[in-house]
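Colleague: I have a few minutes before the next meeting. Can you put the model up and take me through it?

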Amino acid sequence: MAEIKDYITQTQENGAIHISQDVISTIAAIAVSEVEGVYALGSSQGGDIAELFGRKNSAKAVRLSVNEEDAICVECNVVAIYGYSVVELAKNVQESVCSAIESMTALKVASVDVNVCGISMKK
């Protein structure tokens with residue numbers, strides 16, 4: 001899989017539509033945050049280390065790539081609220097992210113990988 005550079009381009013009848021990687025990541029992040037049982041978006045261990053050294057941009061909670069069929073592959077890091085089923089939470093995140101990206105961008109989502117990287121008490 002190749003990393004998405006800056007934009008995903010869709011050729012339409014009247015011209016091209018360019019959708020920024022940041023827009024797709026933001027759609028996914030909002031979809032994750034709306035799932036019941038999600039405390040917050042998380043970051044990878046490497047991201048935590050990067051933040052210590054002042055490189056916050058390298059620690060993204062949502063990462064995107066494109067597969068051979070030009071479908072979006074999403075990876076999300078989340079922190080769960082204690083008491084929620086982690087498996088059910090992850091399934092709900094997958095459904096929410098896939099639905100949001102496909103309905104708002106008309107792009108095909110190939111996969112949504114969910115990394116539950118922490119657990120926290122309710123807000």
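Modeller: We can start with the overall layout and then go to single residues.

Colleague: Fine. What am I looking at, and how are residues numbered?

Modeller: This is a predicted model, where local features need pLDDT of at least 70, side-chain atom pairs count only at pLDDT 80 or more, and totals for chains, interfaces and linings use all residues. Residues are numbered from 1 along each chain as its sequence is written, and side-chain values use heavy atoms, with hydrogens and water left out.

Colleague: How many helices and strands does the protein have?

Modeller: There are 3 helices and 7 strands. Along the sequence they follow the pattern β-β-β-α-β-α-β-β-α-β. Helices (H or I, at least four residues) and strands (E, at least two) are DSSP runs, numbered from the N terminus.

Colleague: Which way do E2 and E3 pair, parallel or antiparallel?

Modeller: Antiparallel, with 6 bridges between E2 (residues 7–12) and E3 (residues 15–20). Two strands count as paired if DSSP finds at least two bridges between them. E2 and E3 make a hairpin, with 2 residues between them.

Colleague: On to packing. How much of the protein is buried?

Modeller: Buried residues are 41% of the 123 in the protein. Buried means under 20% relative accessible area, exposed over 50%, and partly exposed in between (1.4 Å probe, protein chains only). The accessible surface is about 7600 Å², and carbon and sulfur atoms hold 51% of that. Those areas come from the Shrake-Rupley method with a 1.4 Å probe; for residues, only the protein chains shown count as cover.

Colleague: And which residues touch the most other members of the largest nonpolar core?

Modeller: Val-74, Val-97 and Ile-101, in a core of 28 residues. The elements giving two or more residues to this core are H1 (21–33), E5 (62–66), E6 (72–81), H3 (86–105) and E7 (109–120). A nonpolar core here is a set of buried Ala, Val, Leu, Ile, Met, Phe, Trp, Tyr and Cys residues joined through side-chain atoms within 4.5 Å.

Colleague: What does Ile-101 touch?

Modeller: Leaving out residues up to four places away in sequence, Ile-101 touches Ile-24, Ile-27, Ala-28, Val-74, Ala-106, Leu-107 and Val-109. Contact means heavy atoms within 4.5 Å. Across the protein, of the contacts with a separation of 6 or more, 67% are between residues 24 or more positions apart.

Colleague: Thr-105 next. Buried or exposed?

Modeller: Thr-105 sits in helix H3 and counts as buried because its relative accessibility is 7%. Beyond its neighbours within four places in sequence, Thr-105 is in contact with Gln-10, Ile-19, Ile-24 and Ile-27. Its side chain also reaches the backbone nitrogen of Leu-107 at 3.1 Å. A polar contact is a pair of N or O atoms within 3.5 Å; within protein, one must be able to donate a hydrogen and the other to accept it, and residues adjacent in sequence count only if both atoms are side-chain atoms.

Colleague: Where does the side chain of Ser-103 reach?

Modeller: Ser-103 is in helix H3 too, and its side chain reaches the backbone oxygen of Ser-99 at 2.9 Å and that of Ala-100 at 3.3 Å. Ser-103 is exposed, at 58% relative accessibility.

Colleague: How many disulfides?

Modeller: A search of the whole structure finds 0, a disulfide being a pair of cysteine sulfur atoms within 2.5 Å. Cys-98 is partly exposed at 22%, and Cys-117 is partly exposed at 40%.

Colleague: Last one. What does Asp-113 touch?

Modeller: Val-74, Glu-75 and Cys-76, not counting residues up to four places away in sequence. Asp-113 lies in strand E7 and is partly exposed, with a relative accessible area of 42%. Its C-alpha is 9.9 Å from that of Val-62, 51 residues apart along the chain.
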